[in-house]
Amino acid sequence: MAKNNTNVNGEAVVKKQNQWVEAWKRLTKNWSAMAGLAILVIIILAAIFADVLYDYDNVVIKQNISARLQAPSAEHWFGTDEVGRDVFARIVHGARISLAIGLSANVVSLTIGGILGACAGFYGGKLDMIIMRIMDVFLAIPGTLLAICIMAALGSSVTNVVIAMAVSGCPGYARIVRSAVMPVRDMEYVEAARAIGCTNKRIIFAHVIPNSLAPIIVQATMHVASVILTIAGLSFLGLGISPPTPEWGSMLSAGRAYIRGNSYLTMFPGLAIMITILALNLLGDGLRDALDPRLR
């Protein structure tokens, strides 16, 4: 009997692994998703090796008035800003700021919202009603407006931006995870786990959530793009990352005063935001198609 159980479990693991392999194969056939993935990999590598490419203290934030407002050239690929700092170097380091905040806020909101949504979907009843009504209250407030209120109350800093983004992202994750967990909780393997004495905590984290990952992965990819755009908007309004820290939104805000004679000051940071969000959206659309069971 134990041998049969081992075989069944082994076959289930192999089947699950094969499903992820098949999803990857479908993703590789989607040229737009692979293009988005390639662009995203380049941006991530640039963010990781930003200090190797450009020294933060001497190139990114140090002012050099004698080199101010120089047009793009071989020496300064994207030109220099109003105080002589290299725009390309600041965009490269700005990628680190945007991606770090986007991923950190995503992880926090996914953890909190995911746990709340999993509990609501798994247990149902009064707990489900209480959790989801609280989430509905947060969803009634536009995410950007909620982030602005939190930033205005806490002040401008990287930590506060992460908190603001995480709080505004929790309700969306809670609803996504809840909707993914509800059909899974009645599956046969969940009933089998109950029959052999598994606790509800083990069932949720070992069986329910791992089998609900497809919509969560897609939502996480899309949400990173949304967070990066919101961060840029907050910084543009002066509520996000404070200068001289290189952040794409604050670079746009500083460059708008010189947009007539030096349009590159706003064009290149804007392109950085657009390309990053485009890459994430292309990858998210590809993941949605690759993980959709109806397309298998």
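User: Hi! Before we start, what kind of model is this?
Analyst: Hello! It is a predicted model, where local features need pLDDT of at least 70 and side-chain atom pairs count only at pLDDT 80 or more, while totals for chains, interfaces and linings use all residues. Residues are numbered from 1 along each chain as its sequence is written, and side-chain values use heavy atoms, with hydrogens and water left out.

User: Great. How many salt bridges are there?
Analyst: The count comes to seven, where a salt bridge is a side-chain nitrogen of Lys or Arg within 4 Å of a carboxyl oxygen of Asp or Glu.

User: What does Asp51 pair with?
Analyst: Its partner is Arg96, with the closest N and O atoms 2.9 Å apart. Asp51 lies in helix 3 and Arg96 in helix 5 (residues 87-123), so the pair ties together parts that are 45 residues apart in sequence. Helices here are DSSP runs (H or I, at least four residues), numbered from the N terminus.

User: Is Asp51 buried, exposed or partly exposed?
Analyst: Asp51 is partly exposed at 44% relative accessible area, and Arg96 is partly exposed too, at 27%. The cut-offs are under 20% for buried, over 50% for exposed, and partly exposed in between, with a 1.4 Å probe and protein chains only.

User: And which residues are linked in a network of salt bridges?
Analyst: Asp81, Arg85 and Arg90 are. Within that group, Asp81 meets Arg85 at 2.8 Å, N to O. Asp81 is buried at 5%, and Arg85 is buried at 9%.

User: Where do Asp285 and Arg288 lie?
Analyst: Both are in helix 13 (residues 264-291), three residues apart, about one turn of the helix.

User: Last one: what is Ser235 in contact with?
Analyst: Leaving aside neighbours within four places in sequence, Ser235 contacts Gly240, Ile241, Glu247, Gly249, Ser250 and Ser253, with contact meaning heavy atoms within 4.5 Å.

Definitions and conventions
Helices (H or I, at least four residues) and strands (E, at least two) are DSSP runs, numbered from the N terminus.
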